[in-house]
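Have the structure open while you read.

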Amino acid sequence: MATPRKALTLFPELSQPEPGKVRPPLKWAGGKRWQLPHLRPYWEPESHRRLVEPFCGGLAVALGLAPKRALLNDINPHLINFYKQLEKGFVSSLRYENKRTIFDSYRREFNCLLKEGKGDTSQAAMLFYYLNRTGYNGLCRFNQSGEFNVPFGSYKNINYRSDFLEYVEAFSGWRFTNVPFEKLALLPEDFVYADPPYDVEFRQYSKGGFIWEQQEKTAHWLANHPGPVVLSNQATPRIVKLYRKLGYSLKFLEGPRRISCNGDRTPAEEVLAIRNLS
């Protein structure tokens with residue numbers, strides 16, 4: 001008989017960030033800023049540790065927790081190139097306009113850079129930022145050929161920015177990498193927050209996607225880590241079963257549903273799987 005569970009409802013992403021906090025530079029589908037009030041009680045007593053995120057995404061968690069040391073990884077090379085450009089001091093010279101013709105032109109230019117092997121340039125970073133802010137729902141999606149294929153968004157007004165210099169200080173002491181998660185060199189004392197692509201239909205986040213075997217691999221990999229672990233996912237039955245089997249302590253939350261093909265924006269139950277934390 002299934003154990004009843006009660007999900008917590010809290011949507012602090014609707015409130016303003018704490019004073020002095022640097023906001024994430026991108027609009028990111030599935031961002032976890034709303035989880036910060038749930039994560040801080042685990043992080044703050046352990047804040048002397050290095051924070052490691054194998055799937056750092058839009059940086060809402062890292063910027064919200066503001067660790068002095070961090071290893072931030074993502075399989076998306078264009079995302080990591082953007083962060084590395086910000087790390088060096090980045091000012092965009094691109095002309096921003098919220099127009100379909102401009103969007104289509106910049107998307108073609110971005111995909112041409114990728115084909116030419118220039119995806120690690122500052123020009124690619126400028127285009128990536130524009131496409132992220134202007135494309136549909138903050139999606140980052142690539143087809144099997146590795147081309148960015150997100151359509152034009154439907155925003156009336158977009159607050160673009162060109163000056164990203166505040167991130168030089170914010171990223172101080174942080175390291176960005178682009179490797180498969182299992183190749184990260186974890187230290188025994190690292191605090192790991194892992195937010196893999198959800199166990200749902202949409203997961204074409206990178207060229208290869210993210211399949212169930214990788215969900216299992218992530219859970220087993222972190223179950224063997226001796227330091228603190230918080231693993232986040234959508235609470236599908238097989239995810240809950242997997243995490244319980246591996247001995248994680250589970251906390252259920254109601255998260256805001258951000259993307260849905262049928263217009264359903266009702267809360268989706270999510271789970272924090274916790275190890276080596278009291």
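This is a predicted model: local features need pLDDT of at least 70, side-chain atom pairs count only at pLDDT 80 or more; totals for chains, interfaces and linings use all residues.

- α5 runs over residues 122-134 and spans 18 Å from its first C-alpha to its last, close to the 18 Å you'd expect at 1.5 Å a residue.
- Its buried residues include Met126, Leu127, Phe128, Tyr129 and Tyr130.
- Among the things covering those buried residues are α3 (77-88) and α4 (100-115).

**Its neighbour α4**
- α4 and α5 pack at about 140°, and their axes are 10 Å apart.
- α4 passes α5 in a left-handed crossing.
- On the α4 side of the contact you'll find residues including Ile102, Phe103 and Arg107, while the α5 side includes Gln123, Leu127 and Leu131.
- Sorted by class, this contact has 10 nonpolar, two polar and two charged residues.

**Its neighbour α3**
- The axes of α3 and α5 come within 9 Å and cross at roughly 110°.
- That makes α3 roughly perpendicular to α5.
- Here His78, Leu79, Asn81, Phe82 and Gln85 in α3 meet Ser122, Ala124, Ala125, Phe128 and Tyr129 in α5.
- By class, you get six nonpolar and four polar residues, with no charged ones, in this contact.

How values were computed
Residues are numbered from 1 along each chain as its sequence is written. Side-chain values use heavy atoms; hydrogens and water are left out. Helices (H or I, at least four residues) and strands (E, at least two) are DSSP runs, numbered from the N terminus. The expected span of a helix is 1.5 Å times one less than its number of residues. Buried means under 20% relative accessible area, exposed over 50%, partly exposed in between (1.4 Å probe, protein chains only). Contact means heavy atoms within 4.5 Å. Axes are lines fitted to C-alpha atoms, for helices over the stretch in contact, and angles run from 0 to 180 degrees between N-to-C directions. A crossing is left-handed if the near helix is turned anticlockwise from the far one by less than a right angle, and right-handed if clockwise. Ala, Val, Leu, Ile, Met, Phe, Trp, Tyr, Cys and Pro count as nonpolar, Asp, Glu, Lys and Arg as charged, and the others, Gly among them, as polar. Angles under 35 degrees count as roughly parallel, over 145 as roughly antiparallel, 65 to 115 as roughly perpendicular and the rest as oblique.
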